[in-house]
Amino acid sequence: MQSLTNISLKTIVKKQVKWKAKLYISALSSLVILQIIFGILLSSSGSTSGYGRGNLSVKFSIYSLDMFLIVSAFWAFIVAILFTTKAYRIDDLSVISSRTSSAIANIFVMIIYSFIAVIIMISTFYLKVLEILLAEKQSFIIENLFISPSILLLCFSSICLFGAIGLLLGTSFKGPTLIKVPIILLLLIFISLVSINLNSLMMLPNLIISVIYLFVSVLCFCLTIWIADKSEVSRK
Amino acid sequence: MHVHLDSTTPIYIQIAEWLQHEIIADRLQANEKVYSQYQLAELFNINPATAGKGLTILLDEQLLYKKRGLGMFVATDAKERILTKRKNEILTKMAQELVLEAKRLLVSDDELLVLIRKTQEGLK
Amino acid sequence: MNIIQCEDLSKSFGRRNALQHVTCAIDAEKIIGIIGRNGAGKSTILNIIAGYIKPTSGSCKVFNENPFNNIQTAANMIFIDDRLSFSDYLSLEDILKFGADFYPNWQSELAYRMLDYAGLDLTAKHQQLSKGQLATFNLVYGLVSRCALTILDEPMNGMDEAIRTDFYRAILKEYLAFPRTILITSHHLQEMESILEEILLIDKGSVIAHAPLDEFKEQLISLSGPSDALADLLSETEVYAQTIMAGMTSAIVDTSKLFVSEDLLRSKGINISHLTASEVCKYLTSKEGSDIDAIFD
């Protein structure tokens, strides 16, 4: 009798993360392209307003991180959904994997990608600022050029949150009916609650918002693993 | 080596027959080591368990003997025993056919025996 | 040691019962042919063994564990079929490298030699391969991973005949070099029967035969001779098929229910002939009185 191979879930997840990170590299390049497109759009329109009195004319152009963050978060959501589609799921079956190990690996890849997304976002933002510095001859005011760690954390947690919701949604769709209906309902309620209270949420300090976002992300991740653990393989 | 296996006779019987044939033809000599089930499996492109069954038949008929840890060897009298067995089998079969044919031709038992004696005398 | 143990296993998809009360055990290190018509339940049982789907009732143990979503059983098993898929970002060579990373018994050298023999280009993408090349690559992937349980579901689909013969031999040689349990399904039983040790015949969601190949073949026998000589005999045994033409009858009967010696049969002018494994499968699984001739009457 040949001895059986003993492999821990941790080893398999590590190997899967390695293989997925390499495979899904296209997802990252799509983010760079998205950011560049938005950068160009922003430079032509931006949020510009101007007024003049006598021979003095003042033009306000506000460039902020917000737009880049929205793009990144949206991208994270789409990529997460993509990870749970058939094409990606059945690729996992070709190597040692279980639904649980695949879900955990997807979560790790999502977290890593959120980090990279923050870096891409910040660098595109600085590139934009640099472009304005070089292009515009008029004087300008720079406020908040230094991005504080709390803002970075906020960016990371928001991207992560959207990715987590995407993963949970995608996994639920393929899960057992008994689980998927309540989960999807719960998500819808959560999203509507957040959008109603968005204003009061925005008044909170960045750090608290980040913590809330991260907490919800972890919750989504756990639910994702739990559902994956109960799911059958669907190759349809 | 290419040996065509037919698909209706059980493969292990064909293997046993092939080995007996090798012994008669002196390609496997007395007290010589015979092929292992794995060698036979490769040779004939068959499952080793099936090859093992073929060897077991010869072992049961004591045409082969086992040496612990060394494998199976051809019994000293294997060749004669196979030849005797074949002779008997062929003769029995021919006698059977003779009796059956006599029946079909409505030849009585006595008539048949007389015929056999006559044939024997004629050949002397 | 049993590597697979199914007890009263059933699986239904909605109202359709794909498997019904299957009980079977599969020993370690055997090559087993899983035979059945389309829709008989072969894929369902393989999917349960692979841990892809959950049984509706009953239990299935692989390596003494429940295989469903189990990383331990997954690590010792590989499931090859035509739906095996790899990202289109990977070349065949990349895939082999990943395989080596995942499977501890992986045989890199052998993989390269086999693909070279089959004339596959290592820089090609998996999705660009033709149907036959795809099957070849998948089979090589399954063999060189040397998993204790190797499931090959229609591995030769789309391959041309010459390469099929080669690869049945490759399966046998790999098995001899590294014995493991191989479950293999195929529509071409005749081609692969010589390398099989046992046959598991599935029909309408049930296992109707599980035996060593030779015993399986000897289950049924074909008798032919004058109708009047056969009539009595056939009334006492189970008849699977029968044709009567010009006073001559030929019938397929159950050997275990035939209590007459071969010599006696011959003396009545009845001819005995053995069947091939695929003929036995055909008769065991054909519906009562199912005969293509009947629809033309």
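Predicted model: local features only at pLDDT ≥ 70, side-chain atom pairs only at ≥ 80, totals over all residues.
Domain bounds here come from an automatic or database domain assignment.

**View 1. Chain B is split into two domains.** The assignment gives chain B a domain 1 covering 11-76 and a domain 2 covering 79-123.

**View 2. Two helices of chain B cross each other.** Zoom in on helix 2 (residues 37-44) and helix 3 (residues 48-60) of chain B, whose axes come within 8 Å and cross at roughly 115°. The crossing of helix 2 and helix 3 of chain B is right-handed. Helix 2 of chain B brings B:Gln37, B:Tyr38, B:Leu40 and B:Ala41 to the contact, and helix 3 of chain B answers with B:Pro48, B:Ala51, B:Gly52, B:Gly54 and B:Leu55. Sorted by class, that contact between helix 2 and helix 3 of chain B has 6 nonpolar residues, 3 polar ones and no charged ones.

**View 3. Chain C meets chain A.** Of the 2 pairs of chains that touch, chains A and C have the most contacts. Here 26 residues of chain C are in contact with 25 residues of chain A. On the chain C side, the elements giving two or more residues are helix 2 (71-75) and helix 3 (92-102) of chain C. That side of chain C, the one touching chain A, divides into 17 nonpolar, 5 polar and 4 charged residues.

**View 4. Chain C also meets chain B.** In this view, 17 residues of chain C are in contact with 17 residues of chain B. Look for helix 6 (161-177) and helix 8 (213-218) of chain C, the elements that give two or more residues to the chain C side. The side of chain C that touches chain B has 7 nonpolar, 6 polar and 4 charged residues. And chains A and B? Those two do not touch, and their nearest C-alpha atoms are 16 Å apart.

**View 5. Inside chain C, C:Ile151 sits in a nonpolar core.** The largest nonpolar core has 157 residues, and C:Ile151 is listed with A:Ala76, A:Ile159 and C:Val140 as having the most contacts inside it. Leaving out residues up to four places away in sequence, C:Ile151 touches C:Leu46, C:Ile49, C:Ala50, C:Met77, C:Ile78, C:Phe79, C:Ile80 and C:Leu183. Step back to chain C as a whole and you can count 11 helices and 13 strands. Its 297 residues are 44% buried, and the C-alpha atoms of chain C fill a box of roughly 70 × 45 × 40 Å along the principal axes. Among the contacts in chain C with a separation of 6 or more, 67% join residues 24 or more positions apart.

**View 6. A:Phe115 is an exposed residue on a helix of chain A.** Find A:Phe115 in helix 5 (residues 99-135) of chain A. Is A:Phe115 buried or exposed? A:Phe115 counts as exposed because it has 12 C-beta neighbours inside 10 Å.

Methods: Residues numbered from 1 in each chain as written. Chains lettered and ligands numbered in written order. Axes fitted to C-alpha atoms, helices over the stretch in contact; angles between N-to-C directions. Helix = DSSP H or I, 4+ residues; strand = E, 2+ residues; numbered from the N terminus. Left-handed = near helix turned anticlockwise from the far one by under 90°. Contact = placed C-beta atoms within 7 Å. Nonpolar A, V, L, I, M, F, W, Y, C, P; charged D, E, K, R; others polar. Core = buried A, V, L, I, M, F, W, Y, C linked by C-beta atoms within 7 Å. Buried ≥ 20, exposed ≤ 12 C-beta atoms within 10 Å, placed from the backbone.
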